[in-house]
Amino acid sequence: MKMLPLKKLTSLFLSVMLLAAAVSCKKDKDDPTPGGNGNGVEGSWKISAITVDPAQNGITDYLAFLEAMAENNCISQTTFNFKGNGTLSGTVPAGCTMEDSPIEEDAGWKVVGNKIQLIDGSDIEDYDLELKGNEMRWSYTETEDGEPYKITLVFKKA
């Protein structure tokens, strides 16, 4: 069985934490990065799944794996508010903390074509974006040793 390298697992985990940390930061920025414009992303969302295809280390349900490792359900219970002006806010459940936030105060989001970008200072993370009703999917493909695998984050309207 092919194992997902620690570097890739760490990258995925940091991407999830980047998003989760965004909701715990206060924004005082006067000129936020625009994100809205009626693209359907605006609103409150919760992560309902993180999948890896094909399975890595026997794991396809990475959200369940992360929450089992953390011994809590903080990721799936955090509400993310994507505001039309490009800012992120949200609610982290009681007992969940993001003290070591990897995101800067000028973080934002925007949709460019069929991609969503998370912007943290000069760092930009791009994900393929799919919206269907009350479900939003972000995905990206990684290649390791010539073998591609797809990672998908699934959000449901909160």
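The model is predicted, so local features need pLDDT of at least 70 and side-chain atom pairs count only at pLDDT 80 or more, while totals for chains, interfaces and linings use all residues. Residues are numbered from 1 along each chain as its sequence is written, and side-chain values use heavy atoms, with hydrogens and water left out.

- Strands (E, at least two residues) are DSSP runs, numbered from the N terminus.
- In a regular strand, side chains alternate between the two faces of the sheet.
- In E3 (residues 79–82), Thr-79 and Asn-81 point one way, and Phe-80 and Phe-82 point the other way.
- All four of these residues are buried (under 20% relative accessible area, with a 1.4 Å probe and protein chains only).
- Two strands pair if DSSP finds at least two bridges between them.
- E3 pairs with strand E1 (residues 43–56) in the antiparallel sense over three bridges, and Gly-43 stands opposite Phe-82.
- E3 also runs antiparallel to strand E4 (residues 88–91), joined by four bridges; Phe-80 has Gly-90 as its bridge partner there.
- Five residues lie between the strands in the E3–E4 hairpin, where Gly-86 takes a positive phi near 90 degrees.

**Aromatic rings**
- Rings of Phe, Tyr and Trp (its six-membered ring) pair if their centres lie within 6.5 Å; planes under 30 degrees apart count as stacked, over 60 as edge-to-face and the rest as tilted.
- The whole structure holds eight aromatic pairs.
- One of them is the edge-to-face pair of Phe-82 and Trp-138, at 6.0 Å centre to centre and 80 degrees between the planes.
- Phe-82 lies in E3 and Trp-138 in strand E8 (residues 135–144), so the pair ties together parts 56 residues apart in sequence.
- Phe-82 counts as buried because its relative accessibility is 2%; Trp-138 counts as buried at 1%.
- Phe-82 and Trp-138 belong to one aromatic cluster, which also includes Phe-80 and Trp-109.

How values were computed. Buried means under 20% relative accessible area, exposed over 50%, partly exposed in between (1.4 Å probe, protein chains only).
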